[in-house]
Amino acid sequence: MKKKIINVCYALVALSFLNWTGVQAQEKKDSLVNVAFGKVAKEDLLGAVSSVSASELMKKSYGTYSLDGLQSFVGGYNGNIWGQAGLVLVDGIPRNASDVRLSEVESITVMRGGNAIVLYGSKAAKGVVLITTKRGTNKPLTVDVRANTGLYVPKRYPNYLNAADYMTLYNEACTNDGITPLPYDQATIDNTRAGTNPYRYPDVDFFSSDYLKKAYNKSDVTAEAYGGNERTRYYTNVGLSYNNSLVKYGEQKNNSDFRLNLRSNVDMVLTSWLKASTSATAVISDNYTGRGDFWGTSATLRPNWISPLIPISMLDPSNSSLQTMVKNSNHVIDGQYLLGGTSTDQTNAFSDMLAAGYIKNKNRTFMFDVNMNADLGSVLNGLSFKSGFSMDYTDFYSEAYKVAYAVYQPTWSTVNGTDVITSLTKYGNDGNTTSETVGSSTYTQTMSARAQFDYNRTFAQDHNVSATLVGWGYQNRASNDADHSSSQYHSLSSVNLGFQAAYNYKHKYYFDFSGAEMHSAKLPEGHRNAFSPTVTLGWRLSGENFFKDNVAFVDNLKLTASYSKLNQDIDISDFYMYKGYFVKNGGWYTYRDGNSGGWTTLSKRQDDPEVMKPIQREEFRVGLEASLLNKMVTLDANYFTQTTNGLLTQGLSTIYPSYYTDFAPYLNYNKDRRTGVDFALNLNKKIGQVDATLGFCGMYLTTEAVRRDEAYLDAYQNRAGKPLDSYWGYVCEGFFQDQTDITNHAQQTFGNVQPGDLKYQDVNGDGVVNSKDQVNLGHNGWSASPFTYGVNVTLKWKNFTLFAMGTGSTGAIGFKNSSYYWVKGSSKYSDVVWGRWTDATKNTATYPRLTTTDNSNNFQNSTFWQYKTNRFDLSRVQLTYDLDPDILKKSFVHALSVYFSGESLLTISGERKLMETNVGSAPQCRFFNLGFKASF
């Protein structure tokens, strides 16, 4: 089959060479768009392709991440493409977007439709983000230098109860559970609240100035050198960045990140018909982190539980054994303190930070590629050949210094009105080491190769034809050190042969046929190859005389339509899923004597290589491209419906009987559908002396699980017919107010229920509330909310430029189910518990009763914890001033710009506090930056 398809491709190419001519993009360089294995004039794009000029964006919006702010410019993209994770390519090679800084990037192309991505084969079946780096130009040497420095300022921290309030409410929880005596007496609570002795009555506030700075710094500098002549062009980028962190306690006060980026791109004209290019990149990043999980512990350690430090000055001076402990300790902090702890906290974040050591993480990435382009016009006019090869290496390893330490739990007494430590209980022992150890290490290698024939000619000035035949593949292999078991047995590979034939008449009528033959080692023999066809039509109505004569205000109006059927193996999670296998410890069987037994070999899956085939993405798309009023208004929009057929399941609910569990093979059965509209609307207008640009883009997306291997007893629980991102949970009917309320309600199966606990609806009316009563409560927006959007605004007045961009989403829900809200047992209490249910507050309570148990009844996803995730984020505002060139005429500086920017400035949402608060991790921050760029 594969040979037949290849022969057909060659025949079509030959036919194209004999009868057609193609059109090389005839626009100026700035109108060319990088697409799959080539460039196309912007006017000839056939829909679902968007391009952003990163080099132009950087003139008004400073950023470092290569995909920075992309959602504000491209409809249908929110980190995912049409609700799915796309393939990221850097200069046509699968690479991490984080390995490229925005200053290195010339343009970013987001390809969404099947017609645009088919040439890349199976791994690109969910969309492609193509990052193209800068190249040299035919001009004298130019050097650009950019420097930035700024501050990260935390937005907010979680609001936990202080120690006195915690003890008071924990006593209440104990009372609710009938526990006596209460764990905390009133004197302890009062002394803690008064701050009498913070070592005896600790009240640890993780977010105080004892441990954290008000802000931390990030700085970077970038130098670019580029130029060339008719024979050779070059571009070089060198960048350095450094940041520290918020923590100022112990070894973590030295936390930092350092990164060095080096890139060199060279283009050469070797002969009149042969060109070559090469690129080399190195990324060196180092991270230094003091030991101790400060942020994680901030969400779990109760404020009264331990005193991190034991003051030596408060030790009983008459107890010589205590002084001996101090002398023998390797960790006397600042000459004044021992490390605090308990039998259950023999290691804790504070002691780790002060004594345990550090970890130095090192990441080294090297990327190299070489390409050649041969003009074969002497053989056949319009024919060319291109090839390329790349090899990338990434190495990660850590160097660690770790020291054991002892902690001490004090016994306090009051002697003559003074607090004195009369004894210390020691846990653990101090260690001593002077050597570092090499920790985990991982290594990845990616190689890719490409070869393609292109044919482009124009006949009679009007008939433009192009054809491409391309072979492309890449392989990725990852390995870990001997202490880790997750090295890949199989390398991840993708190989495909692509073909494209396109024709347009006067850039008015368009036809494109593209296809790819994919190959996958994840599939059984006989099903490893599959052909993916796409057909696209386009019609520029604005090119018709009847249109031009009657609708003069429309500059451009083009309609496109495409159909594609892409085969992919992305959703096949592993190799050999079509193979059966046995396990040696499949089941335990007792011998006839009844006193002994043994393990037996047991089947876990049946061999059936005929039932597993490639998964298919079948798509129909209609696009509209319009420009009005001399380009004052532009619109690019697409309607798409996309069906994913043949997702894998073992069919145990609908195809095979349940007892077939140990034999059922994987087969293609489940089906998903995504339907939506994406758009990008831009307005350009000069208002007095102000040039104004407004961009608004977005996507409305609906999804459906069309078919599922499922057998729920109640139809409302079927996933089929529901959105793919359905959030399932219980319908809460409020609190149980008394025992009668509990008795008269359906039995809830999540543990013991008392007044003040949550009451759930018995949806199916069987008298029992359990998992069968979960219903679809809404979209969780895991891949994209029902409506996502982005905005960007540029106002230019004289030498000033004001730029702003933001993103938003609506239509999804979430649950307040982090440890901040779901306070279980003796967990740390947040401020939400003030609304707890009591007899006195039963009519106004906003939180369930307090308890010392885990109380799983109250902590289920339900409408009680549900909230809307609607939000708008003001991502960046930047003011730039470009110095008047006349001022610089007599200096060696050709251009100079200074700018001030702010990032993550504002969130507008009904749940702003929740959305701006991180629990158990470093806080979200606003970033304020001052920078300049100079050209020499």
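## Surface and overall build

The protein exposes about 42,800 Å², and carbon and sulfur atoms supply 54% of that area. Accessible areas here come from the Shrake-Rupley method with a 1.4 Å probe, and for residues only the protein chains shown count as cover. Before we go on, note that this is a predicted model: local features need pLDDT of at least 70, side-chain atom pairs count only at pLDDT 80 or more, and totals for chains, interfaces and linings use all residues. Residues are numbered from 1 along each chain as its sequence is written, while side-chain values use heavy atoms, with hydrogens and water left out.

What does the secondary structure come to? You will find 11 helices and 43 strands; these are DSSP runs (helices H or I, at least four residues; strands E, at least two), numbered from the N terminus. The radius of gyration of the protein is 33 Å, close to the 30 Å that the globule rule gives for 936 residues, so the protein is as compact as a globular protein of that length. That radius is taken over C-alpha atoms, and the rule is 2.2 Å times the number of residues to the power 0.38. Along the principal axes, the C-alpha atoms fill a box of roughly 105 × 85 × 60 Å.

## Inside the fold

Of the 936 residues in the protein, 49% are buried. Buried means under 20% relative accessible area, exposed means over 50%, and partly exposed is in between (1.4 Å probe, protein chains only).

Now consider contacts, meaning heavy atoms within 4.5 Å. Among contacts between residues at least 6 apart in sequence, 72% join residues at least 24 apart.

## Charges and their pairs

The protein has 89 positive and 86 negative side chains, and the centres of the two sets lie 6 Å apart. Lys and Arg count as positive and Asp and Glu as negative, while His and the chain ends are not counted. The place of a charge is taken as NZ of Lys, CZ of Arg, CG of Asp or CD of Glu.

Side chains of opposite charge can pair when their charged atoms come close. How many salt bridges does the structure hold? There are 39, each being a side-chain nitrogen of Lys or Arg within 4 Å of a carboxyl oxygen of Asp or Glu.

Start with D678 and R112, whose closest N and O atoms are 2.9 Å apart in a salt bridge. D678 lies in strand β29 and R112 in the loop between β6 and α3, so this pair ties together parts that are 566 residues apart in sequence. D678 is buried at 1% relative accessible area, and R112 is buried too, at 2%.

Next, K123 and D569 meet in a salt bridge of 3.0 Å, N to O. K123 sits in the loop between α3 and β7 and D569 in the loop between β24 and β25, so parts 446 residues apart in sequence are tied together. Both K123 and D569 are buried.

The last pair is D286 and R364, with closest N and O atoms 2.9 Å apart. Here strand β12 holds D286 and strand β15 holds R364, 78 residues apart. Is D286 buried or partly exposed? D286 is partly exposed at 23%, whereas R364 is buried at 17%.

Q924 lies in the loop between α11 and β43. Leaving aside residues up to four places away in sequence, Q924 touches several residues, including V153, P154 and K155.

G296 belongs to helix α6 and is buried, with a relative accessible area of 16%.
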